[in-house]
Amino acid sequence: MLTSLVEAAPRPRPAYRSFRTSVSRVVRMSPHFTRVTFSGDELAEFGTAGLDQRVKVVLPIAGRGFVDFPEGEEWYQAWRELPAERRNVFRTYTVRAVRPADREVDIDFALHGDLGPASAWAMQAAPGDEIILIGPDELSPGRALGIDFRPGTVDTVLLAGDETAAPAICAILEQLPADASGVAMIEVPTAEDVLSVRSPAGVEVRWLARGGGVHGERLVPAVRDWVVRTCCAQGCIPGAPTSSAAVRDLVAAENADLEDAPLWDVPEGSSLDGDCYAWLAGEASVIKTLRRFLVREAGMDRRQVAFMGYWRRGRAELD
Ligand SMILES: Cc1cc2nc3c(=O)[nH]c(=O)nc-3n(C[C@H](O)[C@H](O)[C@H](O)COP(=O)(O)OP(=O)(O)OC[C@H]3O[C@@H](n4cnc5c(N)ncnc54)[C@H](O)[C@@H]3O)c2cc1C
């Protein structure tokens with residue numbers, strides 16, 4: 001009897017699953033940011049854990065839409081086995097907001113031209129367009145899968161990233177406790193790309209406009225400067241490089257050194273307390289430059305540094 005009861009027990013719901021949606025609103029927030037709102041009845045069960053929750057945005061194939069896209073828990077394996085021309089492209093994005101009661105999810109796309117299929121899609125997105133999101137299932141015990149911001153109970157947070165990390169940083173800022181302290185530094189293409197965001201009084205938010213410079217040109221010196229001033233008053237590390245050329249050289253050296261594996265290391269932060277937690281995301285060589293500085297020069301424990309290469313110059317996201 002017991003055996004048959006055990007056999008009959010339902011399998012736990014998968015942490016991630018596909019949600020069929022269509023675009024209901026498109027708002028061009030700035031020259032390089034577009035917010036797309038996705039709607040659909042299935043989104044009533046979309047995960048609400050927030051923070052830097054990542055999802056996959058599955059794009060339609062011209063003339064075929066999603067007819068070949070596999071459903072179910074084993075979708076990825078089934079997708080890989082399809083012939084290339086029947087494989088929908090997908091890319092990774094962050095949930096900027098979720099409103100289950102309205103059956104809506106917002107995603108903020110950083111536009112970088114029509115070189116990449118996701119950016120090209122977002123530039124043309126219009127109400128009625130169909131899209132599949134692979135995202136967290138609120139009813140699953142694993143609903144927090146895909147969240148990498150795990151600061152434990154540290155005193156100070158350092159959030160740093162480029163425009164692709166802006167949605168995650170903004171969502172994290174809005175969920176930090178009211179007494180949080182630290183800094184968020186977000187490098188964006190132009191001064192017109194500065195967005196408004198709610199944040200605790202003790203967390204300084206600095207938007208850094210690149211204004212035609214290379215990725216990292218404003219972010220790297222700003223992070224170094226903040227760490228030197230805030231964490232190393234006794235001068236335990238060298239000061240920030242001052243010239244753009246010096247930053248470009250640092251970032252280029254890291255780019256040349258990057259291997260093919262995704263640049264990603266997210267420590268389990270639940271045991272952290274006191275001190276500082278750094279969350280870094282954006283272009284891989286910039287993030288590697290920052291991480292090297294924090295760990296090797298500033299002496300931060302690598303368990304206090306989460307770093308995520310969200311994209312890599314000259315490389316499409318692996319399908
Ligand atoms: C966990 C995670 C969360 C992310 N969240 C977001 C998000 O919320 N919003 C967001 O906009 N992006 C986000 N990204 C980054 C996004 O997935 C990449 O930018 C992705 O490469 C875009 O796909 P694409 O099809 O436009 O370009 P791809 O086909 O992947 O790349 C084509 C070319 O464009 C270049 N490229 C890619 N992105 C950029 C860029 N931003 N600027 C300049 N050149 C670029 C590549 O180097 C490549 O040469 C996230 C990535 C990860 C891993």
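Me: Among contacts between residues at least 6 apart in sequence, what share join residues at least 24 apart?

Reply: This is a predicted model, and in it 73% of the contacts between residues at least 6 apart in sequence join residues at least 24 apart.

Me: How many helices and strands does the protein have?

Reply: The secondary structure comes to seven helices and 13 strands, and of the 319 residues in the protein, 48% count as buried.

Me: Which helix is mostly covered?

Reply: Helix α4, which runs over residues 166-175, is mostly covered, since eight of its 10 residues are buried. Those buried residues are A166, P167, A168, I169, C170, A171, I172 and L173.

Me: Switching to the ligand, which residues come nearest?

Reply: There are 24 residues around the ligand, and of these T92, A110, H112, R312 and E317 come nearest. By class, the shell has 10 nonpolar, seven polar and seven charged residues.

Me: And which strand gives the most to that shell?

Reply: That is β4, with four residues. At least two residues of the shell come from each of β4 (90-94), β6 (104-110), α3 (117-124) and β13 (305-311), while domain 1 (16-136) and domain 2 (156-311) each supply at least three.

Me: Where do backbone atoms lie relative to the ligand's nitrogen and oxygen atoms?

Reply: A backbone N or O atom of D108 lies 2.9 Å from a nitrogen atom of the ligand. For oxygen atoms of the ligand, a backbone N or O atom of S119 lies 3.0 Å from one, and a backbone N or O atom of R315 lies 3.2 Å from one. Taken alone, the ligand exposes 920 Å², and the protein buries 92% of that.

Me: New topic, the backbone angles: what is the phi of L51?

Reply: L51 has a positive phi of about 50 degrees, although it is not a glycine. As background, most residues other than glycine have a negative phi. L51 is found in the loop between β2 (33-39) and β3 (54-58).

Me: Is L51 buried or exposed?

Reply: L51 is buried, because its relative accessible area is 18% and the cut-off for buried is under 20%.

Me: What about R103, which phi does that residue have?

Reply: R103 also is not a glycine and has a positive phi, of about 55 degrees. R103 is found in the loop between β5 (97-99) and β6, and with a relative accessible area of 33%, R103 is partly exposed.

Technical notes: Residues are numbered from 1 along each chain as its sequence is written. This is a predicted model: local features need pLDDT of at least 70, side-chain atom pairs count only at pLDDT 80 or more; totals for chains, interfaces and linings use all residues. Side-chain values use heavy atoms; hydrogens and water are left out. Buried means under 20% relative accessible area, exposed over 50%, partly exposed in between (1.4 Å probe, protein chains only). Contact means heavy atoms within 4.5 Å. A residue is near a molecule or strand if one of its heavy atoms lies within 4 Å of it. A polar contact is a pair of N or O atoms within 3.5 Å; within protein, one must be able to donate a hydrogen and the other to accept it, and residues adjacent in sequence count only if both atoms are side-chain atoms. Accessible areas come from the Shrake-Rupley method with a 1.4 Å probe; for residues, only the protein chains shown count as cover. Ala, Val, Leu, Ile, Met, Phe, Trp, Tyr, Cys and Pro count as nonpolar, Asp, Glu, Lys and Arg as charged, and the others, Gly among them, as polar. Domain bounds come from an automatic or database domain assignment.
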